[in-house]
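These are my notebook entries from one sitting with a structure. I wrote down each thing as I looked it up.

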Amino acid sequence: MVASGTSAGFALDDGQRMVAQRLAGLGAQIVEREAADHEAPDAEDADASATLAADAATAPRGLYLWGPAGRGKSWLLDAFYEALPVERKLRVHFHSFFNSLHSRIFANRGSDTVFANAVRELVGDARLLLFDEFHVHDPGHATLLTGLLRYALEHGITVVATSNYPPQGLLPNPVYHHIFEPGIDVIERELDVVELPGEVDYRRSRADSVERRGFATGSWMHAPGASTTDRPSSAEATTLELGGRSFEVTAVRGRELWATFAELFVAKTSSLEYLQWARDFDTWHVLDVPLLASVGRDPQQRFVNAVDVLVDYDVEAHFHADASFDDFVAAAAGRADAFRMVSRLHLLQR
C-alpha cells in the first residue's frame, strides 16, 4: 500500500517502515469498507440520521502522525494517497484548504448551517481526508479546525494528518492554547497518535543528491555580486491587485516576481496572496532577506507560511539575503516555527 522507497532511490529507516506498515493496515481497512459499501443495497428511503450514524460507526480510525521536520511524513502521506485504490479520497494542505474554507463560509453567510455547508462543498463525498502540515497558530483557525474534526467524525470521514507538533503542542501560545483544547481532545480521543522520531532531516542529508526541479532549483544567494546583478531598477516597480487590495512589488518580469522581504512580509500580506502568486508566477526572487531576529513575530510567520506555499506548489524561489545561509540558520534557531522553514530551505542550492 505504501512504496518501500527503493524506487525513489532510497530505503526507509526503521521509523518510516513502522509508519508505512500502519498506513498499509489503515489502507486495507479503507478498501474493505469501500467494498462493503458497494455491495450494500441502496437505501434511498433510509433515515438520514441513521445513515450518518452508520457511516460514523464503520469509519476506520484515523491517524495523527507527528515528528521533526524532514523525516518524510509528507512523502509517506503522498505515497499512501497514490497507492490507495479508492476514489473517495482528498488530500489537502493547510494554507490552501483554509483559504478555500474562508471563501466558502463567506459564500454561505446567512445560512443556518454555514460551516457545515462550507465543509461539505470542499470535502464532497470523500471518505478519507489527508491533511498535510497540520499546525495551529491562529486562534480563529483553532475554532475552525475543531469544527472540521468534529464534522469528519460525525460524517464517517477518516482523517489522516501530518504535523511537526504533538497534539498538546498545537497552538502553543499560552494566551490562546485553551481555545484549541477541545480540538486536541478530539485528536487524542478519536485518532491514533503516532510519532515518527529520528534525528535525520532528509531534506538536509539529501540536499546535494535531490533531483533539481521546482523549489529545489532555487537558491540562497549572499555573495554581493550574485545578489545584485539582475536586480530590477526602481523604474520597474509595479503594483499587484488582489481581492480589492494593492501590493507594491519591485518588478514583474513575465512570470517572474521580484519583491523585497519588506514588500512581501512586513506589509500585511497573507497566505491568500502567496497562494495566488504561487499560481501566477513560476519564479520568485525575494530580495533583502534579513536575519529573523531583526523582524517582528508577524513578518517572520508570514515568511514561514510563504516558504510552506512555495514548497507545496513547487515554485522556483531565489532568496537574496543579507547573511550567508549558515548564519541565517544559526540566527533562526529556537524561533517559533523556524525549524520547519529551515528544513525546507535546505533544498535550495547554495
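Predicted model: local features only at pLDDT ≥ 70, side-chain atom pairs only at ≥ 80, totals over all residues.

**Entry 1: aspartates with positive phi**

I began with aspartate 314, which is partly exposed, with a relative accessible area of 29%. I found aspartate 314 in the loop between H12 and strand E12 (316–321). I noted a positive phi of about 55° for aspartate 314, although this residue is not a glycine.

I then looked up aspartate 288, which has a positive phi of about 60° and is not a glycine either. Aspartate 288 sits in strand E11 (residues 283–289).

**Entry 2: the chain as a whole**

I stepped back and looked up the totals. The chain has 14 helices and twelve strands. Of its 350 residues, 49% count as buried. I also looked at contacts between residues at least 6 apart in sequence, and 78% of these join residues at least 24 apart.

**Entry 3: helix H5**

Which residues of helix H5 are buried? In H5 (residues 114–123) I listed Asn117, Ala118, Val119, Leu122 and Val123 as buried. These buried residues pack against strand E2 (89–93), helix H4 (94–107) and helix H6 (139–154). Just after H5 comes glycine 124, with a positive phi of about 65°.

**Entry 4: alanine 142**

I picked alanine 142, which is in helix H6. Alanine 142 is buried, because its relative accessible area is 0% and buried means under 20%. Leaving out residues up to four places away in sequence, I found that alanine 142 touches Val136, Leu171, Ile179 and Phe180. I also looked up glycine 183, which is 41 residues from alanine 142 along the chain; their C-alpha atoms are separated by 7.5 Å.

**Entry 5: the cavity**

Next I looked for empty space inside the model. Rolling a probe the size of a water molecule over the atoms shows where empty space is left. The count came to one cavity of 30 Å³ or more. The largest cavity has a volume of about 40 Å³. I wrote down its lining as Leu129, Phe131, Phe134, Leu148, Leu149, Ala152, Val159 and Ala161. Strand E3 (128–132), H6 and E4 each give two or more residues to this lining. The largest share, three residues, comes from H6. By class, the lining of the largest cavity has eight nonpolar residues, no polar and no charged ones.

**Entry 6: the second largest pocket**

How many residues line the second largest pocket? I noted 29 lining residues, with His137, Asp138, Asp298, Gln301 and Asn305 nearest the centre of the pocket. The elements that give two or more residues to the lining of the second largest pocket are H4, H6, helix H11 (271–280) and helix H12 (297–312). H12 gives the most, with six residues. The volume of the second largest pocket is about 830 Å³. I divided its lining by class into ten nonpolar, 13 polar and six charged residues.

**Entry 7: aromatic pairs**

I searched the whole structure for aromatic pairs and got 18. Phenylalanine 97 and phenylalanine 98 form one that is edge-to-face, at 5.8 Å centre to centre and 85° between the planes. Both phenylalanine 97 and phenylalanine 98 are buried.

Tyrosine 165 and phenylalanine 339 form another edge-to-face pair, at 5.8 Å centre to centre with 70° between the planes. This pair links distant parts of the chain, 174 residues apart: tyrosine 165 is in the loop between strand E4 (158–163) and helix H7 (181–190), and phenylalanine 339 is in helix H14 (residues 338–345). Tyrosine 165 is buried, at 12% relative accessible area, whereas phenylalanine 339 is partly exposed, at 35%.

I also noted a cluster linked by ring pairs, made of Trp220, Phe261, Phe265, Tyr274, Phe303, Phe319, Phe325 and Phe328.

**Entry 8: charges over rings**

Last, I looked at charges and rings together. The charged end of arginine 109 sits over the ring of phenylalanine 106, 3.9 Å from the ring centre. Lysine 89 lies over the face of tyrosine 81, at 4.6 Å from the ring centre.

Key: Residues numbered from 1 in each chain as written. Heavy atoms only, no water. Buried < 20%, exposed > 50% of the residue type's maximum accessible area, 1.4 Å probe, protein only. Helix = DSSP H or I, 4+ residues; strand = E, 2+ residues; numbered from the N terminus. Contact = heavy atoms within 4.5 Å. 1 Å grid on protein atoms, 1.4 Å probe; cavity = no way out; pocket = protein on both sides within 12 Å on 5 of 7 lines; lining within 4 Å. Points joined across faces, edges and corners; volume = space filled by probe spheres on them. Nonpolar A, V, L, I, M, F, W, Y, C, P; charged D, E, K, R; others polar. Phe/Tyr/Trp six-rings, centres within 6.5 Å; stacked < 30°, edge-to-face > 60°. Lys NZ or Arg CZ within 6 Å of the ring centre and 35° of its normal.
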